[in-house]
Amino acid sequence: MPKPRHPRLRRLLRLAAVHSVSTVPFALWLGSAALEVAVGLGELPDNLLDDPNGTPVLLSRDGELIAELATDAARVHVPVPLSRMGEHLPAVTIALEDHRFHEHRGVDLYAIFAAAFRSASNPGHLSGASTISQQAIKLADGRRGRALRSKVRETVLALKLERRWSKEQILEAYLNRLEYGNRRVGPEAAAWAYFGKPCERLTPAEANLATLLARGLSLADVSDAQGISQHTARAQLKSIFAKTGVSRQAELVRLVLKSVA
């Protein structure tokens with residue numbers, strides 16, 4: 001590139017270069033400081049800090065279950081600690097929803113850039129990049145939709161949540177507030193409703209099927225798309241998932257969701 005002939009122009013260019021070099025770090029520092037203030041001032045939702053109450057139940061004198069009393073929030077909600085969710089469902093959830101869950105600190109920058117690229121490449125497709133930590137905040141807030149203000153709030157509070165809680169605490173809070181279809185909230189309620197056993201005894205195939213239901217898919221969707229009964233759809237999905245590893249299972253879940261969308 002030829003040098004400018006005029007000395008004044010060269011001086012202006014040097015000043016501009018020096019100014020940009022000094023301004024960019026300051027802007028980054030200022031942005032980081034503003035984020036730290038926002039994280040410090042942000043208040044985590046009360047619903048997240050309190051233990052879920054679960055669904056009220058009626059018991060006999062002998063402790064036998066008589067009835068479960070549905071609430072506005074759920075038909076059945078049975079919160080359990082992460083240690084009683086088994087190994088399969090938490091692993092499948094992480095593989096599908098947030099496979100870098102144990103690596104990031106509340107916000108996955110790589111996923112954000114990847115989602116932005118996909119959305120730019122396909123303007124009609126809105127791709128999400130929320131982490132499990134952000135979704136835990138969203139579930140506790142009871143927010144619907146994708147308003148920018150709410151997304152910013154979730155991002156800031158997810159950063160704060162990661163500083164206060166362990167990954168295990170965050171995952172437990174998220175799963176216990178997640179709806180698995182038919183107003184069944186939490187994996188324990190879903191396991192009993194769909195498989196007649198506790199969550200910790202789910203097979204990998206059953207854990208994948210439960211994850212599909214948490215993603216908004218119903219067995220009716222699968223059966224209608226393939227022209228088969230819901231019983232056959234359940235058996236087919238369990239058979240497919242039982243033959244693959246966790247990473248491949250997550251890919252299959254995405255394929256099933258796409259095929260019936």
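Student: How many cavities of 30 Å³ or more does a search of the whole structure find?

Tutor: The search finds one. This is a predicted model, in which local features need pLDDT of at least 70 and side-chain atom pairs count only at pLDDT 80 or more, while totals for chains, interfaces and linings use all residues. Residues are numbered from 1 along each chain as its sequence is written, and side-chain values use heavy atoms, with hydrogens and water left out.

Student: What makes a space a cavity, and what makes it a pocket?

Tutor: On a 1 Å grid over the protein atoms alone, a cavity is a set of points where a 1.4 Å probe fits but cannot get out; a pocket is an open set with protein on both sides within 12 Å along at least five of seven lines. Lining residues have an atom within 4 Å of a point. The largest cavity holds about 30 Å³ of space, and its lining consists of T93, E97, L178, Y180, T211, A214 and R215. Helix 3 (88-97) and helix 9 are the elements that give two or more residues to this lining.

Student: Which residues lie nearest the centre of the second largest pocket?

Tutor: They are D51, P52, E172, A173 and R177, among 14 lining residues. Helix 2 (46-49) and helix 7 (167-176) each give two or more residues to that lining, and helix 7 gives the most, with four. The pocket contains about 200 Å³ of space.

Student: What makes helix 9 mostly covered?

Tutor: In helix 9 (residues 204-214), nine of the eleven residues are buried; among them are A205, L209 and L213. Helices are DSSP runs of H or I with at least four residues, numbered from the N terminus.

Student: How do you know that K167 sits over the ring of F101?

Tutor: A charge sits over a ring if NZ of Lys or CZ of Arg is within 6 Å of the ring centre and within 35 degrees of the ring normal. K167 lies over the face of F101 at 4.6 Å from the ring centre, so the distance meets the 6 Å limit.

Student: Where is confidence lowest, and where is it highest?

Tutor: Confidence, given as pLDDT from 0 to 100 for each residue, is lowest in helix 10 (residues 219-226), at a mean of 52, and highest in helix 7, at 96. The protein chain has a mean pLDDT of 74, and 57% of its residues reach 70 or more.

Key. Buried means under 20% relative accessible area, exposed over 50%, partly exposed in between (1.4 Å probe, protein chains only). Grid points are joined across faces, edges and corners, and a volume is the space filled by probe spheres set on the points. pLDDT is the predictor's confidence in each residue, from 0 to 100.
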